[in-house]
Structures are given as C-alpha cells and as structure tokens.
Amino acid sequence: MKPNPVGWFEIYVQDMPCAVAFYEAMLETKLEHLPTSDPETWSDLEMWTFPMSDCDNPTYGAAGALVKMGGCPSGGGGTLVYFSCEDCAVDAARAAANGGSIFKEKMPIGEHGFIALVNDTEGNMIGLHSMT
C-alpha cells in the first residue's frame, strides 16, 4: 500500500498567538514551537507544529504547522486541509466557540463518514472529518 501522499501542510496566519489558541482549543491538543534552523535568513518566520509522530512510532495522517511568514497572507487560497476527529459537529462547535465560524454544518459523505467546514480566526477555511 502506498503511504499517505500528503507529507506536510502549512496554514498561514498573521496573529500567531490567536491562531495557536484557536487550534489548541478546537482540536483539544497542544501545538509545539518549531524553531527555524537559520534565524538570520528567516527572521520573519514563526512556526507551530501540530502533533506528529516520529519515525519509530508512525501514525496515520500528515504533519503540518501554523506558519507566519512575510509575503504569505492568510485567508482563502484554494487549499483545504481536513482534520480527523471523533465527531466533526463537536469540533465545529468548539471552532465557533473559540473565535472561528461554521461555514457548513456536519453533513454526510456516504460511506466515508461526515464532514464540516469551518473558518479559523485568520479567515482560513479548514475541513473536519469523522466517521460518526
């Protein structure tokens, strides 16, 4: 079987503290600051990663981060990242309760479960997926 084709994702933000708080609250997880390897070259780069597995303990899914970088605006941009969750309606409600908004309530997608679409505090649309 081929591995998950998504190897990394970035969600661009302008207000990093607000974005970190939003995603930690919505996903009930902790993000981790990822220091840049070259602070002089990347002085305008700040990254906070979502939980990810290491090579010794792989898990399903793709790794990614919130990124604040000069010249990379947040907001709608044609890429939609879906986060896996137990019940996408619950996570969508947490999104709305933490400064985001619900774009599409939980809806069935046949045998593949359910999705909901929400906007984060930066105007990025993200997807939520659950099997129940």
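**Exercise 1.** Classify Phe 103 as buried, partly exposed or exposed.

Solution. Start with the cut-offs: buried is under 20% relative accessible area, exposed is over 50%, and partly exposed is in between (1.4 Å probe, protein chains only). Phe 103 has 47% relative accessibility, so Phe 103 counts as partly exposed. Now place the residue: Phe 103 lies in strand β6, residues 101-108. Strands (E, at least two residues) and helices (H or I, at least four) are DSSP runs, numbered from the N terminus.

This is a predicted model: local features need pLDDT of at least 70, side-chain atom pairs count only at pLDDT 80 or more, and totals for chains, interfaces and linings use all residues. Residues are numbered from 1 along each chain as its sequence is written, and side-chain values use heavy atoms, without hydrogens and water.

**Exercise 2.** State how α1 and α2 are oriented to each other.

Solution. Two packed helices are described by the angle and the distance between their axes. The axes of α1 (residues 16-27) and α2 (residues 88-97) come within 8 Å and cross at roughly 150°. Axes are lines fitted to C-alpha atoms, for helices over the stretch in contact; angles run from 0 to 180 degrees between N-to-C directions. Under 35 degrees counts as roughly parallel, over 145 as roughly antiparallel, 65 to 115 as roughly perpendicular, the rest as oblique. Therefore α1 and α2 are roughly antiparallel.

**Exercise 3.** Locate Glu 28 and classify its accessibility.

Solution. Glu 28 sits in the loop between α1 and β2 (32-34). Its phi is near 50°, a positive value in a residue other than glycine. At 60% relative accessibility, Glu 28 counts as exposed.
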